[in-house]
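Subject: Structure handover

Hello,

Here is the structure I promised to pass on. Please open it alongside this note; what I found follows below.

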Amino acid sequence: MNTTPPAPRGSQCASVPRDRTEADAAATGWALAAGAGDREAADAFVRALHRDVVRYVAHLSADPQAAEDLAQDTFLRALRTLHRFEGRSSARTWLLTIARRAVVDDFRRAAARPLLADTDDWRTTVERAQPTGLPGFEDGVALQELLAALPYDRRQAFVLTQLLGLSYAEAARAADCPVGTVRSRVARARTALTAQLERGETEALAQAA
């Protein structure tokens with residue numbers, strides 16, 4: 001099912017994107033047009049990249065409940081500065097850089113707040129709030145748990161490249177680090193996730209025996 005929004009009238013990209021490269025070009029065109037004052041382009045820009053931003057901040061923050069708020073914060077920051085976006089990178093890479101800063105700022109705010117309870121477990125909250133029995137639900141929760149166990153920098157690199165599909169160069173720009181560092185972090189994240197999965201399978205087999 002194609003969920004890419006149609007290009008707004010007057011925007012720089014008039015066709016419907018058919019693949020990742022074309023989708024990025026369209027989003028970048030909408031961002032540039034929005035920066036010039038095109039409101040329809042601004043709406044299309046948000047619709048086109050909203051899902052990626054929500055997924056990114058949910059995994060990066062390890063808090064699915066905060067994902068929509070963080071995504072909204074990201075887009076508010078982006079829309080305020082779109083007039084300075086020059087298209088030197090794709091709009092998606094630029095936006096995910098802003099999303100990373102939003103998550104970091106949220107971490108800082110959380111660290112400054114007093115802890116109200118020591119039993120707040122977001123995984124339990126998710127399991128209670130989400131409907132059970134849906135295809136992929138258990139896998140989604142498991143993935144969140146596995147990613148949450150990774151160090152922040154490795155989780156960020158893995159989500160950018162393996163879940164959102166950015167190239168290593170794009171991920172490096174979004175994470176503000178060298179390409180080689182991204183490759184190393186992804187490799188270490190894969191090793192850690194594989195080890196966790198293997199331990200989980202071993203434990204499951206032992207319990208079933």
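Contact here means heavy atoms within 4.5 Å. Keep in mind that this is a predicted model.

Start with H1 and H2. In H1, the contact residues are Ala27, Trp30, Ala31, Ala33 and Ala34. They meet Ala41, Ala42, Ala44, Phe45, Ala48 and Leu49 in H2. By class, that contact has eleven nonpolar residues, no polar and no charged. The two helices pack at an angle of about 145°, and their axes are 8 Å apart. Their crossing is left-handed.

Next, H2 and H7. H2 covers residues 39-61 and H7 covers residues 152-163. Their axes come within 9 Å and cross at roughly 155°. H2 is therefore roughly antiparallel to H7. This crossing is right-handed. H2 brings Arg55, Tyr56, His59 and Leu60 to the contact. H7 brings Tyr152, Arg155, Gln156, Val159, Leu160 and Leu163. Here the classes are six nonpolar, two polar and two charged residues.

Now the core. The largest nonpolar core has 50 residues. Phe45, Val53, Tyr56, Leu96 and Leu160 have the most contacts inside it. Several helices each supply at least two of its residues, including H1, H2, H4, H7 and H9. H2 gives the largest share, eleven residues.

Finally, look at Tyr56. Leaving aside residues up to four places away in sequence, Tyr56 touches Leu96, Ala99, Arg100, Gln156, Val159, Leu160 and Leu164.

Best wishes

Notes
Residues are numbered from 1 along each chain as its sequence is written. This is a predicted model: local features need pLDDT of at least 70, side-chain atom pairs count only at pLDDT 80 or more; totals for chains, interfaces and linings use all residues. Side-chain values use heavy atoms; hydrogens and water are left out. Axes are lines fitted to C-alpha atoms, for helices over the stretch in contact, and angles run from 0 to 180 degrees between N-to-C directions. Helices (H or I, at least four residues) and strands (E, at least two) are DSSP runs, numbered from the N terminus. Angles under 35 degrees count as roughly parallel, over 145 as roughly antiparallel, 65 to 115 as roughly perpendicular and the rest as oblique. A crossing is left-handed if the near helix is turned anticlockwise from the far one by less than a right angle, and right-handed if clockwise. Ala, Val, Leu, Ile, Met, Phe, Trp, Tyr, Cys and Pro count as nonpolar, Asp, Glu, Lys and Arg as charged, and the others, Gly among them, as polar. A nonpolar core is a set of buried Ala, Val, Leu, Ile, Met, Phe, Trp, Tyr and Cys residues joined through side-chain atoms within 4.5 Å. Buried means under 20% relative accessible area, exposed over 50%, partly exposed in between (1.4 Å probe, protein chains only).
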